[in-house]
Amino acid sequence: MPKRVRSKIARGSADLAILSLLAEKPLYGFEIARQIGERTGGTLKFTLASLYPLLYEMEKRGWVEAHWQVNAAGRDRRYYRLTPTGRRQLAPLREEWRSFFRALDDLAGVSHA
Amino acid sequence: MPDWKKLVRKRLFKLGLASSTTEEVIAELAFHLEETYQHAVTNGLTQRPAIKIALQEVGDWHVLATEVERARTEESCMNYRTKSLWLPALITLFGASISLAATQFIGLQPRLVWFAGMGMTFYWPWLASLPVFGAVGAYMSRRAAGQTPMRLAAGLSPAIVMLIVMLLILPWGLFLDGFHFFRLVRFGLGLINWVGIPAASLLLGSLPFLRGNNRTAEMNR
């Protein structure tokens with residue numbers, strides 16, 4: 001079972017993780033955190049405290065936009081949607097992380113570890 | 001089940017977040033806690049451990065409040081200050097200036113009062129109108145969730161501007177004409193005349209709006 005990564009790497013990868021998820025479809029905060037945890041097998045885990053400041057930061061930068069939507073149970077949820085600006089951030093971010101892993105692999109052979 | 005919204009509001013408000021932390025944030029964070037709690041209960045936990053798990057999402061309330069505040073306000077800080085200080089101050093200053101100009105335009109003469117052999121001119125109608133402008137400035141600042149010093153500064157802005165102008169004039173006058181005690185006394189009287197008394201008049205109008213917290217109203221909405 002993979003260990004949870006509680007480090008600056010996890011923090012640094014947050015932008016990529018959130019933007020990638022939102023590129024698929026609009027999601028609300030709890031669902032973003034749940035999907036990230038589930039889809040990374042628990043390696044990446046976002047709590048309320050780590051997730052929302054990031055979302056607000058992204059909203060401020062204009063990468064995502066939020067709107068309230070009522071669900072089937074009549075509850076309001078604040079959905080985040082990727083903006084065109086946010087979408088433009090995604091490709092360079094992916095490339096950045098690809099380069100990072102390539103460099104780390106060259107150095108430490110992490111992909112074969 | 002705890003009232004999550006009430007809890008978040010209480011904890012974040014206690015930490016003195018600025019007004020930019022809106023009801024929207026409180027609702028969103030409370031909703032996240034509630035979902036975490038419900039998820040834990042659905043997975044078979046009893047109320048107490050489920051609450052504990054939900055609260056672990058927050059960790060340190062102070063850190064959360066700081067992070068949320070930073071994330072939400074860093075760039076909108078200018079907007080907040082503009083709305084709660086600069087704009088009300090400018091409107092108060094503009095209103096007070098127009099009032100003085102109008103007083104002179106319609107021919108209302110200033111009342112000359114002699115003090116220690118020196119004449120002081122008082123525009124009583126203008127001074128009487130200043131509480132209105134002080135009130136407008138402080139009210140506008142309060143409506144934009146300005147803190148008490150901001151409301152005060154907005155309400156007293158004409159007197160503050162006059163004070164700055166006079167403090168700039170004094171050294172210049174002393175430099176040009178040399179130091180005279182008489183000049184300093186005149187300057188002091190000028191300060192009372194154009195800063196002290198107008199400030200008191202403006203303060204009179206501002207006072208009702210210095211109390212009461214707009215943020216509280218917002219939080220209780």
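Q: In chain A, how much of the contact between residues with a separation of 6 or more comes from residues 24 or more positions apart?
A: Those residues account for 52% of such contacts in chain A. Note that this is a predicted model.

Q: And what is the figure for chain B?
A: There, 73% of the contacts between residues at least 6 apart in sequence join residues at least 24 apart.

Q: How confident is the prediction for chain A, going by mean pLDDT?
A: The mean pLDDT of chain A is 84, and 87% of its residues reach 70 or more.

Q: Which elements of chain A have the lowest and the highest mean pLDDT?
A: Helix H1 of chain A, residues 8-12, has the lowest, at 60. Strand E1(A) has the highest, at 95.

Q: Where in chain A does pLDDT stay under 50?
A: Over residues 1-5 of chain A. The model has 9 contacts beyond four places in sequence for that stretch.

Q: OK, the fold. How many helices and strands are in chain A?
A: Chain A has 5 helices and 3 strands. Along the sequence they follow the pattern α-α-β-α-α-β-β-α.

Q: In what order do the strands of chain A sit in the sheet?
A: The order is E1-E3-E2, in an open sheet with antiparallel pairing. Strands E1 (27-28) and E2 (64-70) of chain A are at the edges, each with a single partner strand, so one side of each has no neighbour in the sheet.

Q: How many bridges join E1(A) and E3(A)?
A: The two pair over 2 bridges, in the antiparallel sense. E3(A) covers residues 76-82, and its Tyr80(A) stands opposite Leu27(A).

Q: Which helix lies across E1, E2 and E3 of chain A?
A: Helix H2 of chain A, residues 14-24. H2(A) runs at about 100° to E3(A).

Q: Changing topic: how many residues of chain A are in contact with chain B?
A: 12 residues of chain A are in contact with 16 residues of chain B. On the chain A side, H3 (29-39), H4 (48-61) and E3 each supply at least two residues. The largest share, 7 residues, comes from H4(A).

Q: What kinds of residue are on that side of chain A?
A: They divide into 6 nonpolar, 2 polar and 4 charged.

Q: Back to H4(A). What should its 14 residues span?
A: At 1.5 Å a residue, H4(A) should span 20 Å, and its end C-alpha atoms are 20 Å apart, which agrees.

Q: Which residues in H4(A) are buried?
A: Leu48(A), Leu51(A), Tyr52(A), Pro53(A), Leu55(A), Tyr56(A), Glu57(A) and Met58(A). Over chain A, with its 113 residues, 24% count as buried.

Q: What comes just after H4(A)?
A: Gly62(A), which takes a positive phi of about 85°.

Q: Now chain B. How many helices and strands there?
A: Chain B has 10 helices and 2 strands. The pattern along the sequence is α-α-α-α-α-β-β-α-α-α-α-α. Of its 221 residues, 30% count as buried.

Q: Take Ala199(B). Where is that residue found?
A: In helix H9 of chain B, which covers residues 181-210.

Q: Is Ala199(B) buried or exposed?
A: Ala199(B) is buried, because 22 other C-beta atoms lie within 10 Å, and the cut-off for buried is 20 or more.

Q: What does Ala199(B) touch, leaving out residues up to four places away in sequence?
A: Leu156(B) and Ala159(B). Ala159(B) is 40 residues from Ala199(B) in sequence, but 5.3 Å away in space, C-alpha to C-alpha.

How values were computed:
Residues numbered from 1 in each chain as written. Chains lettered and ligands numbered in written order. Predicted model: local features only at pLDDT ≥ 70, side-chain atom pairs only at ≥ 80, totals over all residues. Pairing = 2+ DSSP bridges. Helix = DSSP H or I, 4+ residues; strand = E, 2+ residues; numbered from the N terminus. Contact = placed C-beta atoms within 7 Å. Axes fitted to C-alpha atoms, helices over the stretch in contact; angles between N-to-C directions. Buried ≥ 20, exposed ≤ 12 C-beta atoms within 10 Å, placed from the backbone. Nonpolar A, V, L, I, M, F, W, Y, C, P; charged D, E, K, R; others polar. Expected span 1.5 Å × (residues − 1). pLDDT = per-residue confidence, 0-100.
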